[in-house]
Amino acid sequence: MTSRDTTGHSAGDPGSVESWLVSAGRDRRPGSPLNVPPCPASNFVLGERRAYSRDDGTPGWEALEEIVGGLEGGSSVSFASGMAGIAAIFDQLPIGSVVALPDDCYQGVAGLAAAGQARGRWTVHRIDVADTARWIDMCGVADLIWLESPSNPLLAVADLDVICAAPRKPGAILGVDNTFATPLNQRPLVLGADVAVQSVTKFIGGHSDLLGGVVTVRDANLLASLRQSRELAGATPGSLETFLAVRGVRTLAVRLERAQNNAMTLAERLARHPNVALTRYPGLASHPTHEAARRQLKGFGTIISFDVRGDAPGRRRRVRRTATYPTRHQPRCGRVHHRTAGQHSWAGAPASGAAAAERGYRGRRGPLDRSGSCAAQRAGSVVLDAQPWD
Ligand SMILES: Cc1ncc(COP(=O)(O)O)c(C=O)c1O
């Protein structure tokens with residue numbers, strides 16, 4: 001849409017990212033609504049560029065894509081959720097591909113990778129986030145190198161600068177789930193990644209009232225192919241959701257700044273707390289990947305995870321007392337997410353964090369239950385999101 005300011009924001013720009021965020025993605029023609037209104041239309045009168053919204057999009061999707069694309073430094077495709085966007089990336093892989101996946105990553109992605117492997121679509125290699133030499137080796141052989149940095153839930157930070165610069169197998173895709181960092185703290189495309197993903201459900205939306213995803217790329221062919229995957233799978237975002245996401249992202253910079261400051265204070269307090277066995281926050285010098293975080297991240301993010309001391313019932317009681325909004329699931333945008341009551345698990349998905357436990361990311365490790373979940377993780381591990389805006 002030529003009437004919009006489609007230039008992205010980059011580090012050297014004279015204006016602040018805060019100002020850019022409030023003005024980006026708007027239709028600047030005189031008389032246009034200041035905010036792109038929700039457009040709940042499936043069909044459009046023929047003759048202009050839009051006929052059917054699953055194929056041709058809506059003004060709201062385009063506004064969101066312009067804003068997130070501008071932040072990440074590429075061209076974006078919006079999806080119904082973060083997982084829908086990630087599934088579209090996996091959809092690019094030819095049968096028989098090799099996938100390199102972190103040993104700690106969002107369980108939905110581990111589940112997607114495991115399900116595809118079980119159907120014979122690809123082979124998955126789980127790699128220690130901090131084992132940079134192994135990632136570099138995998139860049140030469142894998143068709144999809146998938147990184148999540150910081151990771152969910154152990155907040156491990158990969159040496160993205162080094163891994164993104166390593167030579168890749170021709171045609172390979174290197175993707176980074178940038179959700180926990182946000183594009184304000186880290187821009188994987190600038191480091192050389194092919195794909196950056198945001199679960200818009202989290203910080204971009206910012207208010208726990210929508211599901212959405214945005215995938216941003218540098219290559220025009222990959223962009224077209226992702227759009228085609230979205231169209232054929234019908235993985236399109238809703239009009240109301242994109243409207244809310246655009247409203248949410250306008251305040252991303254101020255929310256993030258406040259929440260990161262809060263997170264640092266909370267992490268330091270938790271690290272000293274007698275009832276806490278282990279606190280994980282990339283901003284703490286005690287975090288195993290603190291050095292990589294200092295080098296690469298502008299801010300350490302808003303998520304903390306920690307293990308509560310004591311027997312299982314005591315831990316559960318303490319966590320319940322702490323939790324303002326307890327959920328049973330993986331961290332989402334909110335306050336406190338604990339694992340006392342259970343967690344998502346997908347058949348065949350290895351326990352997130354269990355392998356990392358052996359290398360010291362976790363304070364202790366419990367036996368694996370039948371679903372592959374780590375019992376200690378289920379019993380006493382807490383993920384805290386310091387974002388104060390919902
Ligand atoms: C790091 C990360 N990536 C991707 C996702 C999936 O996003 P969505 O829930 O929007 O599908 C999540 C969800 O929690 C996540 O934490």
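Student: Hi! How do β1 and β7 pair, and over how many bridges?
Tutor: Strand β1 (residues 75-79) runs antiparallel to β7, and five bridges link them. Strands pair here if DSSP finds at least two bridges between them. Helices (H or I, at least four residues) and strands (E, at least two) are DSSP runs, numbered from the N terminus.

Student: Before we go on, what sort of model is this?
Tutor: This is a predicted model, where local features need pLDDT of at least 70, side-chain atom pairs count only at pLDDT 80 or more, and totals for chains, interfaces and linings use all residues. Residues are numbered from 1 along each chain as its sequence is written.

Student: Thanks! Which residue stands opposite G213 in β7?
Tutor: That is F79.

Student: And how does β6 pair with β7?
Tutor: Strand β6 (residues 195-199) pairs with β7 in the antiparallel sense, over five bridges. In β7, V214 has Q198 opposite.

Student: Is β7 mostly covered or mostly open?
Tutor: Mostly covered: β7 (residues 213-217) has five of its five residues buried. Buried means that 20 or more other C-beta atoms, placed from the backbone, lie within 10 Å of the residue's own; with 12 or fewer it is exposed, and in between it is partly exposed.

Student: Which residues sit on each side of β7?
Tutor: G213, V215 and V217 are on one side, V214 and T216 on the other, and all are buried. For the protein chain, buried residues make up 49% of the 390 residues.

Student: New topic, the ligand. Which residues are closest to it?
Tutor: S81, G82, M83, S199 and T201 are the closest of the 16 residues that surround the ligand. A residue is near a molecule if its C-beta atom, placed from the backbone, lies within 6 Å of it.

Student: What's the shell like by class?
Tutor: It has four nonpolar, nine polar and three charged residues. Ala, Val, Leu, Ile, Met, Phe, Trp, Tyr, Cys and Pro count as nonpolar, Asp, Glu, Lys and Arg as charged, and the others, Gly among them, as polar.

Student: M83 is on that list. What does α4 meet in α5?
Tutor: From α4, M83, I86, A87 and F90 meet G108, V109, L112 and G116 of α5. Contact here means C-beta atoms, placed from the backbone, within 7 Å. The residues of this contact are six nonpolar, two polar and no charged.

Student: Where are the two cis peptide bonds I spotted, S149 to P150 and N152 to P153?
Tutor: P150 is in the loop between β4 (144-148) and α7 (160-165), and P153 is in the loop between β4 and α7 too. Omega is about -5° for the bond joining S149 and P150, and near 15° for the one from N152 to P153. Most peptide bonds are trans, and most residues other than glycine have a negative phi.

Student: Speaking of phi, what is it for L155?
Tutor: L155 has a positive phi of about 60°, although it is not a glycine. L155 lies in the loop between β4 and α7.

Student: Why does L155 count as buried?
Tutor: Because L155 has 28 C-beta neighbours inside 10 Å.

Student: And what about T182, what's its phi?
Tutor: Phi of T182 is near 70°, again positive in a residue other than glycine. T182 sits in the loop between β5 (173-177) and α8 (188-191). T182 counts as buried because it has 25 C-beta neighbours inside 10 Å.

Methods. Two residues are in contact if their C-beta atoms, placed from the backbone, lie within 7 Å.
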